[in-house]
Amino acid sequence: MNPEVTAISASNLVKNYSSTTSIGPVSLAVEKGTIFGFLGPNGAGKTTTIRMILGLIRPQRGNTQIFGIDPLIDPINALEKVGYAPELPNFQTFFTAEELLDFTARIHGINGAERNRKVKKLLEMVGISDHARKKIGKFSKGMVQRLSVAQALINDPELIIMDEPTIGMDPVATIYFRDLFKEIHSQGKTILVSSHMLDEVQRLCTHIGMIHHGKMVFQGNITDILARFGKGLAIEVELGQITPALVDYVRKLDYVRNLQVDTNKILVTVRDGEDLRAELAEDIVKAGGKLLGLSLKKTTLEDAFIETLRSNPKNE
Amino acid sequence: MNDIQRILTIARYEWRRALARRKVFLLIVLTITAEFLPFIVLTQLPIPPAIRIVNSLMWLVGTIFPHALFLQFIAIFISTGATAEEYEQGTADSILSKPIRRTEYLIGKFIGGYSLFAFTAFLTSALAMILSYSTFGPQEFAEFAPAIYISIIFASLVFFTMGFMTGEVFRTSSLAYLVSSTVFIASLILGPFLLLASNLTGEQFYLDIVRWLPNWGASNLPMMVARALFLQNVRLPFGLGDFGIAVNGTILQALTSISIYAIVPMVIAFLRFLRSDVTNKSST
């Protein structure tokens with residue numbers, strides 16, 4: 001992997017915990033300047049993979065590099081430009097928010113006035129400046145999450161790794177942080193975000209990777225992934241009455257790939273990449289169908305996610 | 001930022017972290033309070049003229065008394081939590097995902113915990129000196145107090161490092177505390193039994209075992225240093241010059257015992273830490 005273009009490169013990471021629990025081999029490449037969504041169901045190995053990338057867990061096989069440096073060999077240079085917000089972060093409850101950021105800044109070697117300026121700025125940025133001198137033990141889950149994001153940004157990192165960053169946040173905060181991550185990305189930074197919120201990932205990420213049962217199932221550009229799993233565009237048709245003859249007629253149209261019936265609606269999957277609503281409407285009317293409505297349904301990340309889970313059962 | 005600055009940042013953090021634990025804080029307060037105990041008792045008792053010479057050595061009694069028991073427990077309390085509690089609370093991740101070497105983290109933890117312990121020992125020694133002067137008048141050989149203090153903190157390395165190692169090996173502070181304090185108490189109890197066995201059988205072998213118990217050097221070094229520096233010139237009644245030393249040995253033997261019992265656990269703690277994963281409460 002070329003460190004000029006690759007922020008994270010993990011190759012064939014394997015971690016065995018027991019005969020029944022293992023992760024890998026996992027290979028992952030996150031290019032600089034992308035927002036990489038790391039997906040997977042609970043227990044798939046997302047957090048373990050992230051912790052292997054950061055050098056917190058030693059893989060039995062494989063290696064990982066951040067900007068071309070192995071964090072297990074040279075953590076100072078590998079992690080210098082990295083910000084990490086863990087899932088369900090735990091901080092020392094005796095610290096105030098201000099003290100925690102100050103402590104983190106000291107580890108990063110940020111000195112004096114610069115440290116104070118950054119602490120103040122970040123507390124304002126994540127919306128907890130009013131609680132700067134409050135003990136973390138008295139923070140709500142959402143506030144701790146905000147503080148975790150602030151901590152990850154203290155060193156103005158080139159790579160930000162966030163494990164479920166919006167867990168515990170209310171919808172307003174979630175939107176705020178999505179915009180904040182986009183803004184950070186627009187400054188040329190690389191972001192790896194692990195999340196269960198698929199619509200959030202779809203809105204935010206440029207690239208995605210999915211892990212399932214400890215193995216990477218896919219990774220790449222989000223548009224390519226959706227095209228691969230989407231199996232073409234789907235058109236939702238609302239009809240006055242659905243008859244077997246009409247369903248049979250539509251199913252046999254040459255541009256129709258698949259058809260699903262649902263009470264007064266049918267979902268028609270058509271040829272790749274073409275919006276054939278007009279043709280379909282004309283054919284339905286021609287066949288005597290009473291057309292009430294018609295809308296284009298794009299394949300979502302959720303569809304791809306569910307399709308992946310279906311096609312990769314555990315025993316495979 | 002250089003290595004030293006990172007180590008000192010972690011050491012300062014460890015002070016705050018340890019003192020934020022109520023049990024550590026309370027034990028330190030208790031130890032300092034207990035420092036008053038011998039002075040209150042001794043001022044209330046009619047001291048026979050034959051042992052009034054002890055009045056001028058009360059600083060030594062007050063310095064060594066807490067070391068014999070309380071300080072060892074404080075050492076164990078502080079060190080068992082140093083790394084174990086970070087795993088238990090899931091806070092190790094947030095530090096070790098920063099640009100810091102594992103060795104720097106562990107050295108910082110050790111220095112932080114050990115300097116807090118040394119400060120506590122200093123407080124008890126200073127308090128012993130102040131109370132001795134204020135309640136028993138001028139003290140003799142007080143110029144040797146720094147040497148006694150250094151011998152105390154050096155001797156305490158045995159149970160401090162044992163706690164540090166068990167904390168890292170078990171990664172559960174309560175289990176680490178239980179194991180370390182059991183070793184301390186067991187060796188305290190075992191010593192007199194082995195001494196008795198030696199007296200009954202006349203076998204030197206039992207005394208050799210006593211000298212290799214973890215607490216022998218740890219408990220006796222300060223008194224052995226006091227004896228070597230000034231007590232051998234003082235005629236103390238009732239064998240008080242041998243206070244606390246059931247089985248004699250040389251200072252070199254004590255230093256060797258302490259060094260071995262300090263170095264081996266440190267090596268184990270470092271190897272375990274450097275080769276293991278940073279465990280966390282949540283990970284999938």
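This is a predicted model: local features need pLDDT of at least 70, side-chain atom pairs count only at pLDDT 80 or more; totals for chains, interfaces and linings use all residues.
**Arg146(A)**

Arg146(A) is buried yet makes no salt bridge, and the nearest oppositely charged side chain, Asp170(A), sits 4.8 Å away. Buried here is under 20% relative accessible area, exposed is over 50%, and partly exposed is in between (1.4 Å probe, protein chains only). A salt bridge needs a side-chain nitrogen of Lys or Arg within 4 Å of a carboxyl oxygen of Asp or Glu; Lys and Arg count as positive, Asp and Glu as negative, with His and the chain ends not counted.

Residues are numbered from 1 along each chain as its sequence is written, chains are lettered from A in the order written, and side-chain values use heavy atoms, without hydrogens or water.

I placed Arg146(A) in helix H5, residues 141–152 (a DSSP run of H or I, at least four residues; strands are E, at least two; both numbered from the N terminus). Leaving out neighbours within four places in sequence, its contacts include Val126(A), Met169(A) and Phe177(A) (contact: heavy atoms within 4.5 Å).

**Thr174(A)**

I found Thr174(A) in helix H6, residues 171–186. Its relative accessible area is 6%, so I logged Thr174(A) as buried.

**Asp156(A)**

I checked the loop between H5 and strand E6 (159–163), where Asp156(A) is found. Asp156(A) is partly exposed because its relative accessibility is 48%. Its side chain joins that of Lys189(A) in a polar contact of 3.1 Å.

Definitions and conventions. A polar contact is a pair of N or O atoms within 3.5 Å; within protein, one must be able to donate a hydrogen and the other to accept it, and residues adjacent in sequence count only if both atoms are side-chain atoms.
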